[in-house]
Amino acid sequence: MAVRMTVLASGSRGNSTVLSSSKTSILVDAGLSCRETIKRMTAAGEDPLALKGIVITHEHSDHVSGLNVLARKLRIPVYMTGATHDAWRKWTRSLGPRRKQETENGSKARIEQLELFKSGSSFQIGDIEVMPFTIPHDAVDPVGFTFKIDGVKIGICTDIGHMTENVRYYLRACDGLMIESNHDLEMLRGGPYPWSVKQRVMSAVGHLSNDALAKFFTDDYDGGAAFVMLAHLSENNNHPELARVCAEQALEPRRSLLASNVLKLALQDVPTETITL
Ligand SMILES: [Zn+2]
Ligand SMILES: [Zn+2]
């Protein structure tokens, strides 16, 4: 089996995904506590000590809250852009003493093995080729990733306010695709969030709705993935079944096109089953 992928958690309370080749394992985002990350990895049959690096999409706390402790404990490099690193340091300095201790375990917020990358320039971690690309989101320098492992291409792209030409370009010809299906527009409009937050989520640099994702599937998606994983579902403004039905309807004509496009859902509190390609 060339590639394994397990989404440990996905949503506004924490995001983290393990991706492995037969030789290399990496973590995409570290939005769970160190303890929870290790617990969920172990339950999924992935060895935390085998991790060779952590790649970070952007500095929002649901993607980095466990980063410092995890990187220190496992003594592995962290890959992010320079601007994201600056914003992350600023964020750790802004935390109150109690949060600071929870987040940093009393240690200084400093990444010991920092590897900076630039959006649009690929780099290698073991036998995994990582390509970061710019996404539209209200962080300083947010990216999505594609990964190439033994000729298999996996795309991971959440926290996108809208579909851009750039995102569409990089997500072409994926063999596996994890993509945001954040909210149902009606639920968001009528839901409990203050108007300012609703506006932020709906904005061009917020999060992708079920309908916007369906439009991508209908208009632009090439249909080549063996699996499509819906991710970063809102717990307040979406329902897994709503997201699933919306995507299913849009994917149906694509299903026989090139690949099976088996639909999966990544949730907040339980890891997904491990997908192998
Ligand atoms: Zn997020
Ligand atoms: Zn975000």
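Is Ile135 buried or exposed, and what is its relative accessible area? Ile135 is buried, with a relative accessible area of 4%. The close-ups below come from a predicted model.

**View 1. Ile135 sits in a loop between two strands.** Ile135 counts as buried because its relative accessible area, 4%, is under the 20% cut-off.

**View 2. Ile135 has contacts beyond its sequence neighbours.** Neighbours within four places in sequence are left aside here. The contacts then include Pro142, Val143 and Gly144. Cys157, Thr158, Asp159, Ile160 and Val167 are also in contact with Ile135. Asn166 lies 31 residues from Ile135 in sequence. In space, the two are 7.6 Å apart, C-alpha to C-alpha.

**View 3. Asp159, a contact of Ile135, also coordinates zinc.** The zinc ion (ligand 1) is coordinated by Asp62 (OD), His63 (NE2), Asp159 (OD) and His232 (NE2). The distances are 2.1 to 2.2 Å. Angles among the 4 donor atoms run from 93 to 162°, and the site is irregular. Along the sequence, the donor residues follow the spacing D-H-x95-D-x72-H.

**View 4. Asp159 coordinates two zinc ions.** These are the zinc ion (ligand 1) and the zinc ion (ligand 2). They are 3.5 Å apart.

Definitions and conventions: Residues are numbered from 1 along each chain as its sequence is written. Chains are lettered from A and ligands numbered from 1 in the order in which they are written. This is a predicted model: local features need pLDDT of at least 70, side-chain atom pairs count only at pLDDT 80 or more; totals for chains, interfaces and linings use all residues. Side-chain values use heavy atoms; hydrogens and water are left out. Donors are N, O and S atoms within 2.8 Å of the metal (3.2 Å for Na, K and Ca); water is not among the atoms, so sites may look incomplete. Four donors count as tetrahedral if all angles lie between 85 and 135 degrees; four count as square planar and six as octahedral if opposite donors are over 155 degrees apart and all others between 65 and 115; anything else is irregular. Helices (H or I, at least four residues) and strands (E, at least two) are DSSP runs, numbered from the N terminus. Buried means under 20% relative accessible area, exposed over 50%, partly exposed in between (1.4 Å probe, protein chains only). Contact means heavy atoms within 4.5 Å.
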